[in-house]
Amino acid sequence: MSLALHSTFTGVLASIPSPPVSYFDLGPVRIHFYALCIIAGIIAATLLTNRRLTKRGAEPWVVIDISILAVPLAIIGARIFHVLTHPNFYFGEGKNTWNPFEPGSVWAIWEGGIAIFGALIGGAIGAYLGCRWTGIRFWTFADALAPGLLLAQAMGRFGNWFNHELFGLPTALPWGLEIESTNSAFPPGLPDGTLFHPTFLYEVLWNGLGVLVLLWLGRKLFFQWGRLFAIYLIWYSAGRIVWESIRIDPSEIILGLRSNVWAAIIGVVVGLVILVVQTRRHPGLEPSPYQPGRERTDADADVQSQNNPSDFVDVSEPPTEEVTAGATATSTAPTSEDGSR
């Protein structure tokens with residue numbers, strides 16, 4: 001009998017089933033739920049970031065221009081980081097390293113295998129280039145992105161659930177995750193029906209709570225100049241240290257710790273550095289979401305020199321006043337030195 005969502009005699013949830021399918025076919029095209037989760041997360045992050053940026057004074061949908069560079073580089077960085085930290089998956093005798101038409105190649109991102117920390121590195125490079133292109137301050141964009149980024153990561157974790165991957169240690173807790181014993185990551189020697197910590201769910205809940213925290217902190221003016229993004233790095237990385245420590249999927253071990261634990265520790269340190277440095281460098285408020293000299297030209301376009309009255313020249317015609325017959329003149333024509341006019 002399947003353990004899927006059955007209850008014990010006390011009515012407590014006994015296990016979480018893994019989805020029976022991870023894809024569906026649409027004609028000749030195979031659609032993976034893993035990809036749909038990532039795409040849905042990107043869309044949600046874009047919408048939320050656009051709303052936060054426009055409230056800050058940026059041009060509506062400028063986030064699209066930045067995303068054109070940031071999203072592809074984030075995906076590339078995520079895949080490269082994963083491959084480099086799991087070399088035994090892709091390199092060596094009997095491995096299909098380069099053929100994209102066979103399972104297990106470095107290109108087969110649809111099979112799973114992207115690293116969030118690689119996405120942060122690649123996405124940061126793309127966002128920096130996009131901000132240079134659009135004139136948006138990089139740290140303004142990073143702060144606007146932070147809640148949406150955490151939301152996207154929460155949604156993307158459901159892709160790991162569909163792929164039956166990245167689960168944790170065995171557990172007898174009532175929310176244990178069902179994993180089939182034929183799964184390549186199923187620990188040898190354990191009996192069929194063993195339940196595991198649903199680390200995907202832990203991250204979903206942690207990241208979801210983090211979204212609420214960041215949205216609340218973002219209402220405070222102190223969290224500008226990249227300080228909200230620093231809190232994002234600290235929050236996400238701190239949780240990742242815990243979840244990563246109980247995962248049992250193969251990973252490179254460095255000085256006794258999984259490579260992603262080290263990456264999460266570095267994430268916390270980088271977040272703290274950004275918070276301290278930006279607080280010292282920028283104790284005041286951001287004057288504009290735009291870089292100096294790159295401000296919007298569509299806002300108040302009729303008068304572009306409001307800050308410098310001497311630049312404004314009134315070229316309008318003076319008002320015409322009706323002159324009543326017999327009225328006394330209010331001005332006289334200039335006269336010469338001898339009194340002639």
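Student: What should I know before reading the numbers?

Tutor: This is a predicted model, so local features need pLDDT of at least 70, side-chain atom pairs count only at pLDDT 80 or more, and totals for chains, interfaces and linings use all residues. Residues are numbered from 1 along each chain as its sequence is written, and side-chain values use heavy atoms, with hydrogens and water left out.

Student: How do you know which helices and strands the protein has?

Tutor: Helices (H or I, at least four residues) and strands (E, at least two) are DSSP runs, numbered from the N terminus. Here they come to eight helices and six strands. The order from the N terminus is β-β-α-α-α-α-α-β-β-α-α-β-β-α.

Student: What makes β1 and β2 a pair?

Tutor: Two strands pair if DSSP finds at least two bridges between them. Strand β1 (residues 23-26) and strand β2 (residues 29-32) have four bridges, in the antiparallel sense. Therefore they count as a pair. One of the bridges joins D25 to R30 in β2. The two strands form a hairpin with two residues between them. In the turn, G27 has a positive phi of about 65°.

Student: Why is A127 called buried?

Tutor: Buried means under 20% relative accessible area, exposed over 50%, and partly exposed in between (1.4 Å probe, protein chains only). A127 has 5%, so A127 is buried. This residue lies in helix α4 (residues 116-134). A127 touches I66, A70, F138 and F141, not counting residues up to four places away in sequence. A touch here is a contact, which means heavy atoms within 4.5 Å.

Student: Is L73 buried, exposed or partly exposed, and why?

Tutor: L73 has a relative accessible area of 30%, so it is partly exposed. L73 sits in helix α2 (residues 62-85). Beyond four places in sequence, L73 touches G122, G123, I125 and G126. L73 and A119 are 46 residues apart in sequence, with their C-alpha atoms 7.5 Å apart in space.

Student: What makes a group of residues a nonpolar core?

Tutor: A nonpolar core is a set of buried Ala, Val, Leu, Ile, Met, Phe, Trp, Tyr and Cys residues joined through side-chain atoms within 4.5 Å. The largest has 24 residues, and F117, L120, L150, L214, F229 and Y232 touch the most other members. Helix α7 (227-246) is among the elements that give two or more residues to this core. With eight residues, α7 gives the most. L120 touches L149, Y232 and L233, leaving aside residues up to four places away in sequence. A second, separate core of twelve residues includes L53, A58, I66 and C131.

Student: Why does C131 count as buried?

Tutor: C131 has a relative accessible area of 0%, so C131 is buried. C37 is buried too, because its value is 12%.

Student: How many disulfides does the structure have?

Tutor: A disulfide is a pair of cysteine sulfur atoms within 2.5 Å. A search of the whole structure finds zero.

Student: Where is pLDDT under 50?

Tutor: pLDDT is the predictor's confidence in each residue, from 0 to 100. It stays under 50 over residues 1-11 and over residues 300-318. Beyond four places in sequence, the model has 18 contacts for residues 1-11 and six for residues 300-318. Where pLDDT is low, the predicted coordinates should not be read in detail. The mean pLDDT of the protein is 84.
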